[in-house]
Structures are given as structure tokens and as C-alpha cells.
Amino acid sequence: MRKVLGAAGLAALALALSACASSSNPSAAASAPAAGASSPAPAAGVSVTTLGMRTINGTAVVTNAKGLTLYWFVPDTTTTSKCTGSCATYWPPLTGPVSAGVGVTGSLGSIIRSNGAMQATYDGHPLYTYAADSAPGQAKGNGLNASGGVWYEMTVSGAKPATSGTGTGGTGGSGSGGSTSTGSPSTGSGGYGY
């Protein structure tokens, strides 16, 4: 009986403290997740990226808020990004929380990267942009074998896209901007030799 009353007393104390905290600190209540919520709401000041959809070469692909093609990396798992270090320079992770825009029908989520940053996922695939894509409608990274694996544009359907063979280059060589090859293929069109 004493344990039951003790637990009830602790619950009442926690409720009273949270009520006091929310009345004296309005931002504390705004950032606290609702009871039963499956994932916490973004903290105040954290922007949410709205994903979009664009048709490129007949394929509906997922894009970031700027309209740039998003990619997934074959070596990744549903919980871990294998693209770190210099890889993330060429394939910047899509960080932060995301929401679905018009035409985006897949399952959205996130993982925590090794550096502690949140990375968005689509149908279980961590998402990236590609440094050589300089404008909406480009998918220069689709089908590239670079940084230890193959990269594909993230299709709205979640299926692996057909690759046209464009964007892949020969092995070795040096890249632009002072990059050097590490034995991975260079991109041919993008000029990166990593």
C-alpha cells in the first residue's frame, strides 16, 4: 500500500512541477511532446524541410525544399549512415526533421548520425543531396559508384530507379578543386575524383 501511495505521490509532484514550469516558462510547454506522441515535435526554432516531388527523365523523384534531387546510398541501413567524413562533403546528408509535400507518399523518418545530427529518411533510406547537382531537375548522382557504394535517386515509389549509365566515369584520376582519387570512380560529368 505504501508503494502505491508513494508512486501516486511522485506522479502528483511531477504534475505539479510541470504545471509550475509551464506557467513560468512558456517555451518549455511548447517544446514538450504530447502524451502518446510517436515522435517529439521539433524544438522551437528548428525548421522542418518540406520534401517535394519532381519528374526527371520520366521518373518521379523526391526533392529537398530547393527542388534538388535526393539520393540514397546502397551500403546504408535503416538505422545507420555509412557516408561520413569526406563522403558527406560530396553527398551532404539531409539533416533535420522533414514533412511531406505534394506528391510525396513514402514513409518519413529520421536517424541519428555518428556526429549526433538528425538525418531524414524516406522509406527507411537516409537521404542525401549531391554536390554536382547545381539546379533543380538534375540527377547527376543517379547510378554512381562512389565513396564505397552505389547511389540512386530517391524515387517517390521507393523503388530502385533504372539507371541510364550517365554520370558514371572511369576509375582513378584527379578531381576538381584539389580533390584526389582514392581509387573510387570519378563522376565524369561532375569532375570529383574521390
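In this predicted model, Glu-153 belongs to strand S9, which spans residues 149–153. Glu-153 itself is buried yet takes part in no salt bridge. The nearest side chain of opposite charge belongs to Arg-54, 11 Å away, whereas a salt bridge would call for a side-chain nitrogen within 4 Å of a carboxyl oxygen. Beyond its neighbours within four places in sequence, Glu-153 is in contact with Thr-59, Val-61, Thr-69, Leu-70, Tyr-71, Trp-72, Ala-139, Asn-142 and Pro-161.

One of these contacts, Tyr-71, also stands opposite Glu-153 in the strand pairing. Here strand S3 (residues 71–73) runs antiparallel to S9, and three bridges join the two. S8 and S9 make up a hairpin with two residues between them, and Ser-147 in the turn shows a positive phi of about 60 degrees.

Turning to another part of the model, three strands build an open sheet of mixed pairing, in the order S2-S1-S4. Strands S2 (59–63) and S4 (98–100) form its edges, each pairing on one side only. On average, neighbouring strands of this sheet are turned by 40 degrees against each other, direction ignored. Five bridges hold strand S1 (residues 49–56) and S2 in an antiparallel pair, with Met-53 facing its bridge partner Val-62 in S2.

Note on methods:
Residues are numbered from 1 along each chain as its sequence is written. This is a predicted model: local features need pLDDT of at least 70, side-chain atom pairs count only at pLDDT 80 or more; totals for chains, interfaces and linings use all residues. Side-chain values use heavy atoms; hydrogens and water are left out. Two strands pair if DSSP finds at least two bridges between them. Helices (H or I, at least four residues) and strands (E, at least two) are DSSP runs, numbered from the N terminus. Axes are lines fitted to C-alpha atoms, for helices over the stretch in contact, and angles run from 0 to 180 degrees between N-to-C directions. Buried means under 20% relative accessible area, exposed over 50%, partly exposed in between (1.4 Å probe, protein chains only). Lys and Arg count as positive and Asp and Glu as negative; His and the chain ends are not counted. Contact means heavy atoms within 4.5 Å.
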